[in-house]
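Please look at the sequence and the model before reading on.

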Amino acid sequence: MGLTAQSSGVNLLRESFNIDGDKNNPVVALAGNPNTGKSTVFNGLTGLKQHTGNWPGKTVTQAKGYYTYLSQEYTVVDLPGTYSLLASSIEEQIARDFICFAQPEVTVVIADATNLERNLNLLLQVTELSERVVLCLNLMDEAERKNIKIDLNGLATDLQVPIVPTIARDEKGLSDLKKVIDKIVNQEVQLDPIKIKYSSKIEEKVEKIVPELNKQFPNLRKNINIRWLALRLLEGDRTIFETLEECYDVNLKNKKVVERRQ
Ligand SMILES: Nc1nc2c(ncn2[C@@H]2O[C@H](COP(=O)(O)OP(=O)(O)O)[C@@H](O)[C@H]2O)c(=O)[nH]1
Ligand SMILES: [Mg+2]
C-alpha cells in the first residue's frame, strides 16, 4: 500500500492546518525561498482547482489546491516563502510546523537554479525534518542564460534526493515533478537524504537526549522526528513547545504527553 494520511494517522492534525483530512489525499507541500517560482509551480500543478484563505489563527495567506495524476487526487499546499525553518518569523513557523506536524507525503523544495548555495540551505533543513523530499530546480532557463551549468546527477548523488529541473513559467518539467511525487507516494523510490552531522560535542548531546525524549514522550515518537526535536531543544527553541501544546497536551514539568485529538 502507498503512503496515505490514514496509514500514518495524521488526518486530524492536518485538519487543524485547514487541510481536508476526510479526502485522504496524499499531501504535497511546496517549500522554498521567496521568488523561486513556488506560486508558479503551484498554479501549474493545480490550475483552477485552488482555494486561498488564511492559515488558521494567522494573517498569512494559505493557498491549497488539487491535481489528479494516474487517477490519484493530490492536495498541494503552497507554504509561505522562507529562507530557513528556524521559526524566527510567522512564515518560518508555519512552514516548519506544517512539515513537522501535518507530515506531507512529499515536500518539494523549489530552488532557484541561479542561486543554488543559498537555496540548498533550506533543503538541508527540510531533510532534517522529513525524508520524503524532492528538489525542484526551477528557473533553469535563467541558469542557462547566465551560463550556469549544473551537474544534476552529481548533485542528486551528493544530496541523495530526487532532482527535477523545471521552467515553471513555461510549464516545463511539471509532469516529471508529478511523476516523481507519484513514485515517492507509492514507495517506488528509496529515500535517504543527506543529513547534517554536527560536531561531536553536539552529536553526543543529541544521543543522550533522543532516548530520553522517546522514554518520556512515547506518544510523540510516531508523529515527530525526535532527533530534530532534540536539536531544537539544544538550540533553546521554545516555540516548538507552543505548537506541541496546540496539538497535544504536553506538560514538560510533569513529563507527560497525552494526545488530545485521538
Ligand atoms: N524565467 C523564469 N521565470 C520564472 C520561472 N518560474 C517563475 N518565474 C517568474 O518568477 C517570478 C516569481 O515567481 P513566483 O511564482 O511568484 O515566486 P514565489 O515567490 O516563489 O511564489 C514571477 O515573475 C514568475 O513569472 C521560470 O522557470 N523561469
Ligand atoms: Mg508565492
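What follows describes a predicted model, beginning with the ligand and then turning to the strands.

**The surroundings of the ligand**

Around ligand 1 there are 15 residues, and the closest of them are Asn35, Lys38, Ser39, Thr40 and Asp141. Sorted by kind, the residues of this shell comprise 4 nonpolar, 7 polar and 4 charged ones.

| Residue | Atom of the residue | Distance to an oxygen atom of ligand 1 |
|---|---|---|
| Ser39 | backbone N or O atom | 2.9 Å |
| Asn138 | polar side-chain atom | 3.1 Å |
| Ala168 | backbone N or O atom | 3.0 Å |

Taken on its own, ligand 1 has 580 Å² of accessible area, and the protein covers 73% of this area. The elements that contribute two or more residues to the shell are α3 (38–46) and α6 (140–145), and α3 gives the most, with 3 residues.

**The sheet**

The model also holds an open sheet of 7 strands, which follow one another in the order β2-β3-β4-β1-β5-β6-β7 with mixed pairing. Because β2 (50–54) and β7 (163–165) stand at the edges and each has a single partner strand, one side of each is left without a neighbour in the sheet. From one strand to the next, the twist averages 25 degrees.

Within this sheet, strand β1 (residues 27–32) runs parallel to strand β4 (residues 72–78), and the two are joined by 4 bridges. Ala29 stands opposite Val77, a residue in β4.

Definitions and conventions: Residues numbered from 1 in each chain as written. Chains lettered and ligands numbered in written order. Predicted model: local features only at pLDDT ≥ 70, side-chain atom pairs only at ≥ 80, totals over all residues. Heavy atoms only, no water. Near = heavy atom within 4 Å. Polar contact = N/O pair within 3.5 Å; in protein donor to acceptor, adjacent residues only side chain to side chain. Areas by Shrake-Rupley, 256 points an atom, 1.4 Å probe, with all protein chains shown as cover. Nonpolar A, V, L, I, M, F, W, Y, C, P; charged D, E, K, R; others polar. Pairing = 2+ DSSP bridges. Axes fitted to C-alpha atoms, helices over the stretch in contact; angles between N-to-C directions.
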